[in-house]
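Please look over the model below. My notes follow as numbered points.

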Amino acid sequence: MRRGGVQTRHQGAVHAAPADDFADAVLAGLSKPQKAISSQFLYDARGSALFEEITGLPEYYPTRTETAILSAYAAEMVDGLGADGVLVEFGSGSSVKTEFLLSQLRPGVVYVPVDVSESALYEAAQRLSARFPTLDVRPVAGNFSHPIRLPEDLKARPAIGFFPGSTIGNFGPPDAVRLLRSFGRALPDVSRFIIGVDLKKEARRLVAAYNDREGVTAAFNLNLLVRINRELAGDFDVESFRHEAIYDPRAGRIEMHLVSDVTQDVHVLGCRFRFKAGESIHTENSYKYTAEQFREMAGAAGWHVGRLWTDANTDFSVHELFGFGKG
Ligand code: SAH
Ligand code: AVI
């Protein structure tokens, strides 16, 4: 590992991207015929901690598989990025995987983690600053679906964008293309982009990954109701809802739902919402793409496709893309 003598710096997170309003999203989402709340709201402090627990579960293969790919090929992935380089990570969470890339980078590099979860951002920034004393960490708190503006002094520097975890899978094809295009605009011209994408596989393994035996994914999903009760004066009887994860083979996605066991009324910010027994709130999609499908989407978003790294079992893929300027 190469480290120099520059002082580590990380200030508080910059709110460069507006966070979506939780209250608006919940009130609008519970008013739809199929109740739905965007998965970005699963990540309060408890949700981020539960997600970290998920990453260690035996059924949840994506994290360990992608980690193995990154640890084997990190040097190739960041080769050529010099001391004036910038690493921008979208949905950085705990930034654990990032350490593989950072270990290969030179002193002077700036790391910009972007995440909606402030607790995850701060914890990661502190850990990374301790481990990489020369790293300049500049956290950005906010929704990466909104246009992200890099700090002025970084705009013209060589950059690598990093989007691991198959978080792109939480977006269906049209939204995924929009997001990839917007990341291209956020990054300086002629950037490289490294992105992890979970691959299609048999339904049984997928369903197990989102329905673990210990019930951690259930707790992660149900925590959304706990968050609504706490932050939005909700009165969800959390015990009367259950976690459900189903695979829709036609859409090629896992859907997470919170299903009401009984007919009941729930109140949020003084508004009443009726649930029939068996009715659900749709809380997350997790699309599984083939490598070819993903490359097509990346091309449609204006990226040029580069190298592809996978594990021996082809469970997970990490793609290299090249940027195009500000088109
Ligand atoms: N990159 C990490 C974490 C993946 S979990 C890994 O690979 O393990 C998804 C992360 O994206 C969470 O930290 C969550 O807070 C963040 N996230 C989800 N939706 C987001 C959004 N719309 N804007 C910004 N961050 C988001
Ligand atoms: C962050 N995202 C890609 C995870 C996924 O697999 O869709 C979130 C998750 N949901 C349930 N388990 C993990």
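1. At what angle do helix 6 and helix 9 pack, and how far apart are their axes? Helix 6 (residues 173–186) and helix 9 (residues 291–300) pack at about 50°, with axes 8 Å apart. That makes helix 6 oblique to helix 9. Angles under 35 degrees count as roughly parallel, over 145 as roughly antiparallel, 65 to 115 as roughly perpendicular and the rest as oblique. Axes are lines fitted to C-alpha atoms over the stretch in contact, and angles run from 0 to 180 degrees between N-to-C directions. Helices (H or I, at least four residues) and strands (E, at least two) are DSSP runs, numbered from the N terminus.

2. This is a predicted model: local features need pLDDT of at least 70, side-chain atom pairs pLDDT 80 or more, while totals for chains, interfaces and linings use all residues. Residues are numbered from 1 along each chain, chains are lettered from A and ligands numbered from 1 as written, and side-chain values use heavy atoms, without hydrogens and water.

3. On the helix 6 side, P173, A176, V177, L180 and R181 make the contact (heavy atoms within 4.5 Å). Their counterparts in helix 9 are F294, M297, A298 and A300. The contact residues divide into 8 nonpolar, no polar and 1 charged.

4. L135 sits in the loop between helix 5 (118–131) and strand 5 (136–137).

5. Strand 9 and strand 10 (residues 253–260) run antiparallel, joined by 8 bridges. D248 has R253 in strand 10 as its bridge partner.

Methods
Nonpolar A, V, L, I, M, F, W, Y, C, P; charged D, E, K, R; others polar. Pairing = 2+ DSSP bridges.
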